[in-house]
Amino acid sequence: GTAYAALDWRWPFIAEQGEHSYIVQPIAQFIAQPYGGNPRGLRNEDSQDFEFSDFNVFSFNQLPGYDIIESGPRANVGADAEMLFPGGKVEAMVGQTYRLKPDPLLGLLTGNTGTASDVVGSFSIKFPHLDLTDRMDIDRGNGTIRRHEIYVTGSYNRSSVQVSYVQLPQSVTNLGLPSREQINAQADLNLWGNWQVFAAGQRDLANSQFLNTEYGLGYEDECLAISLAYRSKYTEDL
């Protein structure tokens, strides 16, 4: 266990113009916490898969699980913005973490090493039947994009189509995964009642090959979901 004190400060600015509403909110979080607090003999089982992103930049403890915790004084700063208009809305956010001293627990490939983290953010446009989301991780040192994800989702009643582009950096050392650039597609078509057909595929753009494809037939209601699918994998473990 460890003790800490945290302050979360947010100040929304709101404006209206006709049928449009605008909200801009700067965010600052300050965490006062002593260094250390992670027992040497405790096995790290549920805190290994760390990904610094727009999902956890404004968290007092950004590490997943309970086996390892962050330590030391730090601050999370950024802002989010929202525009509401008839039939949809636009959302955007950006954030970054600052520390007095680097946290040795965070690996070199996490985007949150040193005294300043990468800049993470997201941008999305949402309509009743169409969503577009762009998520990015910008390297704090040279300004290059380390991680880039684009999701386009269309839906109508119980049918949906999603196409995504994912560019990921090399994963942390204990996972041993190389950098990846791929495109994913998935379609679910509601045929009748609770019955639907689906198809999905993943293609590796760096090596110009499919990773896997899948298609099948499914049934789903409030209490039961059953599907029959055929899947092909185009990779192998050596």
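**Charges.** I counted 17 positive and 29 negative side chains in the chain, and I found the centres of the two sets 7 Å apart. Lys and Arg were taken as positive, Asp and Glu as negative, with His and the chain ends not counted. Each charge was placed at NZ of Lys, CZ of Arg, CG of Asp or CD of Glu.

**Basis.** I am working from a predicted model, where local features need pLDDT of at least 70, side-chain atom pairs count only at pLDDT 80 or more, and totals for chains, interfaces and linings use all residues. Residues are numbered from 1 along each chain as its sequence is written, and side-chain values use heavy atoms, without hydrogens and water.

**Fold.** I looked up the secondary structure and got 0 helices and 13 strands. These are DSSP runs numbered from the N terminus (helices H or I, at least four residues; strands E, at least two). The C-alpha trace spans about 60 × 60 × 40 Å along its principal axes.

**Burial and surface.** Of the 238 residues, 29% count as buried. Buried is under 20% relative accessible area, exposed is over 50%, and partly exposed is in between (1.4 Å probe, protein chains only). The chain exposes about 14,900 Å², and carbon and sulfur atoms supply 59% of that area. Areas come from the Shrake-Rupley method with a 1.4 Å probe; for residues, only the protein chains shown count as cover.

**Contacts.** I took contact as heavy atoms within 4.5 Å. Among contacts with a separation of 6 or more, 42% join residues 24 or more positions apart.

**Gln-196.** I found Gln-196 in strand E11 (residues 195–204). It counts as buried because its relative accessibility is 15%. Beyond four places in sequence, its contacts include Arg-158, Asp-188, Gly-216 and Glu-220.

**Nonpolar patch.** I noted a surface patch of Phe-127, Leu-130, Leu-132, Val-152, Val-161, Val-163, Ile-183 and Leu-205, with about 580 Å² of accessible area together. Patch residues have over 30% relative accessible area and no salt bridge; like charges are joined within 9 Å, nonpolar side chains (Val, Leu, Ile, Met, Phe, Trp, Tyr) within 5 Å. A salt bridge is a side-chain nitrogen of Lys or Arg within 4 Å of a carboxyl oxygen of Asp or Glu. Strands E7 (130–138) and E9 (159–168) each supply at least two patch residues. Ile-183 lies in strand E10 (residues 180–192). Ile-183 counts as partly exposed, at 33% relative accessibility.

**Ile-69.** I placed Ile-69 in the loop between strand E3 (20–32) and strand E4 (74–85). Its C-alpha is 6.8 Å from that of Asn-38, 31 residues apart along the chain. Ile-69 also touches Thr-2 and Leu-105, among others.
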